Amino acid sequence: MIDVNELLEEAIRETENLNDGEVFLVKDLFKGYVWNRIPRKDRLLLGTLFLNHVSKMNGNLKAIEKTSSNQQRYKKDN
């Protein structure tokens, strides 16, 4: 069983590897096969938790527009 909180921590750690100004989706923070193995309901929950984390922290990550498929996009600022 995958723990969504562990996935959230992994996603947050992975943002440190992004370049300033880079735009990304939460799924971009995981390898393709890892993302595909996460059940859909857990991916949705992970997206919500990541958005809440970004909204609450005063860091260098900002939520920007959504994609045409309703996925939240983020940008790493310097």
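Strands β2 and β3 run antiparallel and are joined by four bridges; strands pair if DSSP finds at least two bridges between them. The model is predicted: local features need pLDDT of at least 70, side-chain atom pairs count only at pLDDT 80 or more, and totals for chains, interfaces and linings use all residues. Residues are numbered from 1 along each chain as its sequence is written, and side-chain values use heavy atoms, with hydrogens and water left out.

**Sheet and fold**
- The open sheet has three strands in the order β1-β3-β2, with antiparallel pairing.
- Strands β1 and β2 (61-66) are the edges, each pairing on one side only.
- Leu-61 has Lys-76 in β3 as its bridge partner.
- The protein chain holds three helices and three strands. Both are DSSP runs numbered from the N terminus: helices are H or I with at least four residues, strands are E with at least two.
- Along the sequence the pattern is α-β-α-α-β-β.

**Aromatic pairs**
- The whole structure contains four aromatic pairs. Rings of Phe, Tyr and Trp (its six-membered ring) pair if their centres lie within 6.5 Å; planes under 30 degrees apart are stacked, over 60 edge-to-face, and the rest tilted.
- Phe-24 and Tyr-74 are stacked, because their ring centres are 5.7 Å apart and their planes are at 25°.
- Phe-24 sits in strand β1 (residues 23-24) and Tyr-74 in strand β3 (residues 72-76), so this pair ties together parts 50 residues apart in sequence.
- Phe-24 counts as buried at 3% relative accessibility. Tyr-74 counts as buried at 1%. Buried means under 20% relative accessible area, exposed over 50%, and partly exposed in between (1.4 Å probe, protein chains only).
- Phe-30 and Trp-35 form a tilted pair, because the centres are 5.8 Å apart and the planes are at 35°. Both residues are buried.
- One aromatic cluster is formed by Phe-24, Phe-50 and Tyr-74.

**Asp-42**
- Asp-42 lies in helix α3 (residues 40-56).
- With 6% relative accessibility, Asp-42 counts as buried.
- Leaving out residues up to four places away in sequence, Asp-42 touches Ile-2 and Val-4. Contact means heavy atoms within 4.5 Å.

**Whole chain**
- Of the 78 residues in the protein chain, 27% are buried.
- Among contacts with a separation of 6 or more, 53% come from residues 24 or more positions apart.
- The C-alpha trace spans about 35 × 25 × 20 Å along its principal axes.
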